[in-house]
Amino acid sequence: MEADAIKPLAAAIAIGMGALGPALGIGLLAGKAMEALGRNPEAVGPVQQNMILALAFAEAIAIYALVIAIIILFV
Amino acid sequence: MSDEPESLNNDSENGSSSSCSSEQTNSGWPATIALLGRVGGIGWFVGLAIALGAYGGYWLDRQFETAPVLTIIGLALGVLTAFVGMIRLLSAIRRGR
Amino acid sequence: MGKLLSNPKLLVIAIAVFAVLLVSVAGGALGASFGLGFLSGPIPFISIPAERVAFIGSYPLLNSTIMFWFGGLILLFIAWRAGRKPKDVPSGWQNLMEVIYEFFSNTVDGVAGGIPKAGRRFLALVTTIFLVVMIINWVGILPGVGSVGRIESIEEWAHHHLEEFEVEVEEAHPEYNHEQVEAAALVHLLEEHGDDTFVAFDGVFVPLGRGEQARVPLNKIITFTEADLHEIEEAVKNGDDLSHVEALENIHHDIEAGVVKSEFKYDEGGDKEKAYNFTGQTAGLLVPYLRGASTDINTTLAIAIVAMFTVQIWGFRALGVRGYGGKFLVNPKKGPIAMFVGILEGFGEITRTISFTFRLFGNMFAGEILLIAMAFLLPLIGIIPFMGLELFVGVIQAYIFAMLTLVFGVMAVASHGDHDSHAEDH
């Protein structure tokens with residue numbers, strides 16, 4: 001197996017497995033946010049803002065995996 | 001029952017191209033083609049502004065032998081012109097409606 | 001459907017959209033596999049480090065730096081426009097700026113403890129980070145950015161890539177002189193990158209109608225054979241005078257000319273082979289003149305360093321050197337575990353800087369690659385929904401950067417007394 005042959009495979013595995021965790025995390029997070037909204041529809045502002053903030057943390061992990069995949073492919 | 005003749009008149013107005021009724025029709029073929037022309041012109045404007053800006057800068061570079069500086073300035077001006085022009089054309093179209 | 005057919009405006013628009021869709025599918029990458037790709041162009045060369053486009057004195061100017069200045073100029077213009085002749089009832093630019101300022105003022109006060117004006121010290125940096133990052137994200141996806149540039153000829157490309165091979169050869173054979181090192185490195189370069197593909201340009205524009213398949217491999221631009229490479233290697237090992245080796249001369253000449261020499265066949269899978277003939281055209285890679293500032297790690301790293309540095313300053317100013325330093329270098333009397341936690345907090349600060357950098361860089365760079373790939377696949381219309389996504393992501397990433405700076409600042413300013421009281425409650 002030469003390095004050139006395994007590069008695309010490595011990049012695909014990196015982003016594929018790296019996106020599993022954050023996807024689950026974001027789904028759970030949004031679900032809880034919807035639940036909280038359903039219980040207390042008046043608290044839209046704070047719930048929404050905090051949800052977006054936590055979303056960024058979860059998505060950042062997926063972005064790290066993406067950056068590693070890009071580095072594997074192009075560098 | 002007096003409503004029926006009015007509705008028949010309205011239908012014929014909408015379908016005809018040469019309207020002998022109001023001056024400002026917002027539907028009908030001439031207005032549609034005019035609208036499409038204006039919207040299509042936006043795309044041409046953006047593309048031509050960027051291309052002319054970049055090529056003008058490149059031509060000036062070749063005249064004065066400066067490195068890519070003038071090309072980059074021309075390109076940046078072209079991008080700015082394209083964007084501002086696009087916004088102005090779009091808002092003119094929206095106001096016209 | 002009846003309503004569609006009867007209203008001429010909707011009908012014409014629907015037909016136009018459908019026609020554009022057909023043309024773009026037929027002309028794009030999908031159509032290229034059927035022989036129809038008349039609109040497709042080659043994917044530009046994607047490089048993670050930003051490319052140098054000019055020199056100021058001896059300082060290499062990168063294409064992302066130019067866009068950062070561009071974004072700064074736009075911000076200055078907005079500030080000037082919003083600030084002149086301020087009215088009591090705002091309108092236009094002033095209104096927009098007041099909305100943003102008020103939003104952040106309320107948010108900062110809310111996060112900093114609920115007392116009005118509690119977060120006053122955080123407000124300036126947080127709002128600035130939001131505005132700067134949002135503007136440079138948006139300016140980075142304007143049309144013309146990333147698509148107009150200069151051609152990096154084969155000579156430049158070879159010059160770049162020779163350096164790493166030269167280092168290898170020098171380490172392996174320290175006795176070679178400069179010419180021999182260069183020749184040996186050239187042999188390695190041609191062996192390894194002989195199949196790399198380049199774009200053939202005709203004149204000013206990147207030619208349409210040649211898809212990804214029509215990129216010219218390196219061995220059609222520089223003619224060399226295995227025997228030639230062996231000959232050069234032998235000459236280098238024997239220490240011969242290299243100016244007599246004809247193969248080396250030819251290769252140097254070909255690199256300088258940088259022109260496609262012969263036609264090549266592209267194997268389209270199965271039994272089909274298509275021959276492309278671009279003889280005489282310049283080959284190279286496209287280096288764009290403008291590139292979004294946040295697609296460069298340097299920019300995001302700089303903003304992240306400024307943010308975290310200011311967080312430390314806020315901490316020191318609020319808690320004093322002993323109070324804030326006590327979070328990281330804990331008094332040994334509190335036990336070894338507390339010391340370890342303090343060291344971890346120190347590493348945490350560095351980790352946050354890196355996390356800031358790669359979050360913004362990853363989002364923007366991946367967005368740029370996504371736009372390039374969609375423009376390649378569906379030429380005319382494929383990019384439209386992804387432009388919307390890019391706009392959205394630009395705002396959200398700016399907001400997240402600003403909010404995280406604020407949250408870290410509030411955490412840094414919180415005095416240890418709160419922590420102790422929490423521990424006592426448990």
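Which residue in β2(C) stands opposite Ala54(C)? The views below come from a predicted model.

**View 1. The β1(C)–β2(C) hairpin of chain C.** Leu61(C) in β2(C) is the residue that stands opposite Ala54(C). Strand β1 of chain C covers residues 52-56, and strand β2 of chain C covers residues 59-62. The two strands pair in the antiparallel sense. Four bridges join them. Two residues lie between the strands of this hairpin. Here Gly57(C) takes a positive phi near 65 degrees.

**View 2. The contact between chain B and chain C.** Chain B brings 19 residues to this contact, and chain C brings 18 residues. On the chain B side, α2 (29-64) and α3 (69-96) each supply at least two residues. The largest share comes from α3(B), with nine residues. By class, this side of chain B has 14 nonpolar and five polar residues. It has no charged residues.

**View 3. The contact between chain A and chain C.** Chain A contributes 12 residues and chain C contributes 11 residues. The side of chain A that touches chain C has 12 nonpolar residues.

**View 4. Confidence along chain A.** The mean pLDDT of chain A is 89. In chain A, 100% of the residues reach 70 or more. Confidence is highest in helix α2 (residues 20-39) of chain A, at a mean of 95. Confidence is lowest in helix α3 (residues 44-74) of chain A, at a mean of 87.

Methods
Residues are numbered from 1 along each chain as its sequence is written. Chains are lettered from A and ligands numbered from 1 in the order in which they are written. This is a predicted model: local features need pLDDT of at least 70, side-chain atom pairs count only at pLDDT 80 or more; totals for chains, interfaces and linings use all residues. Two residues are in contact if their C-beta atoms, placed from the backbone, lie within 7 Å. Ala, Val, Leu, Ile, Met, Phe, Trp, Tyr, Cys and Pro count as nonpolar, Asp, Glu, Lys and Arg as charged, and the others, Gly among them, as polar. Two strands pair if DSSP finds at least two bridges between them. pLDDT is the predictor's confidence in each residue, from 0 to 100.
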